[in-house]
Amino acid sequence: MTTKRLYYDDSYTLTFEAEVLEITAHADRPAVVLDRTYFYPEGGGQPSDRGMLNGVPVLDVQTRPSDRAVLHVLASPLDAQQVIGEIDGERRRDFRIHHSGQHILSQALERAATARTLSVHMSESSMTIDVDRTDIAPEEWEAVENLANRVVLENRPVRAWFPSAQELAALNIRKLPEVDGKVRIVDIGGFDITACGGTHVARTGEIGVIKVVKAERRGETTRLEFKCGERALRDYRSKNDVVNRLAALLTVGYWELPEAVMRLQEQNRTLQSELKAARERLATYEAASLLATAPQHGTYRLVARALARSADEVRSLAQALTAESGVIALLGAAGEKAQLIFARSADVPIDVQPLLKKALELIGGRGGGRPNMAQGGGVSADLDQVQAAINAAAALLA
Ligand SMILES: [Zn+2]
């Protein structure tokens, strides 16, 4: 039994009475068919309404394909002949303004950017339109938004109706209907005329504002995300808040933020290279001081030391030590990810890899390298544990 769809002529009424025609189920949930309804069933890219029937939550509203009856899917069974339906007004208004906003935006995209709408997606979290162009320039986006928002500001009346076949043939329709039979047309004050079964505003002023917030290329198309009314306000509020906080942190005007961040990045790069140079100089001095007290083992001097430093610093020190002739450096960086860094000067004919293997047997972890430089670890080990591992390796040299 077909349901009379009252929302076609009136997308503002939220409370209504109806008779239950059928008690059924949909996707393992109880459902009812009513003789008349203001509930919008999912379709045409627009999600369904939510609300209550006699106080029972309506979780979903779907059209039954076989007879186009409207199925009100319920949270629990409903045993009644007469029902009072109540539609969630916030959700209805949100989709109403975004659906009308989408029609206006699609028309504005055609006029100001020669971009045709391919598909539309609406949800509680995002509203997107896919168009058939990939190279829309910033000034085109601006023209599209300006045109769309002018139509909003003009507060044009919106009409939705089922025209006769003759009337339909005479209309300049943006999107041709996909179905045979009766076609519902939505005319946004003469600006955009499209076949559509959705819920729309009575006048464009209700939309408030239309803002494209993101556009990304997807193959040969562009997906744009837009926001209207309160969603746009919330978006503006949160972005404004972020921008103001950043501007206060960097003590610049918000328009100077990109330059200020680029300056910071540049300073950071300079500081990093200065720090690296300073560490290398420090390692040279430290190497000299360690070598001054290093014991002589035949033809080479041995530095075997665990340090509470970063692995990078310890590596710099190993390099500084073995830049001198006749040195073996068995160093370790203690910590959460302890590292052993074993190296020798070019003129010392000893392979440090077996030494590393021996040391890793004590603290665990993996490693490898070449005869003159090997590194390993990656496990948690304190100074004493690292020193003990280094001592075990040094014992092989004796
Ligand atoms: Zn539509």
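Strands β2 (residues 15-26) and β3 (residues 29-34) run antiparallel and are joined by six bridges; strands here are DSSP E runs of at least two residues, helices are H or I runs of at least four, and both are numbered from the N terminus. Within this pairing, Ile23 has Val32 of β3 as its bridge partner. The model is a predicted one, in which local features need pLDDT of at least 70 and side-chain atom pairs count only at pLDDT 80 or more, while totals for chains, interfaces and linings use all residues. Residue numbers start from 1 along each chain as its sequence is written.

Both strands belong to a closed barrel of six strands, in the order β2-β3-β7-β6-β5-β8, with antiparallel pairing; two strands pair if DSSP finds at least two bridges between them. From one strand to the next, the twist averages 45°.

Turning to strand β18 (residues 327-333), Leu331 is found there. Leu331 counts as buried because 26 other C-beta atoms lie within 10 Å, the cut-offs being 20 or more for buried, 12 or fewer for exposed and partly exposed in between, with C-beta atoms placed from the backbone. Leaving aside residues up to four places away in sequence, Leu331 touches Arg305, Leu307, Val314, Leu317, Ala318 and Ile341, contact meaning C-beta atoms within 7 Å.

Helices α7 (residues 353-363) and α8 (residues 383-395) pack at about 145°, their axes 8 Å apart; axes are lines fitted to C-alpha atoms, for helices over the stretch in contact, and angles run from 0 to 180 degrees between N-to-C directions. Residues meeting there include Leu355 and Leu362 of α7 and Val386 and Ile390 of α8.

How values were computed:
Contact = placed C-beta atoms within 7 Å.
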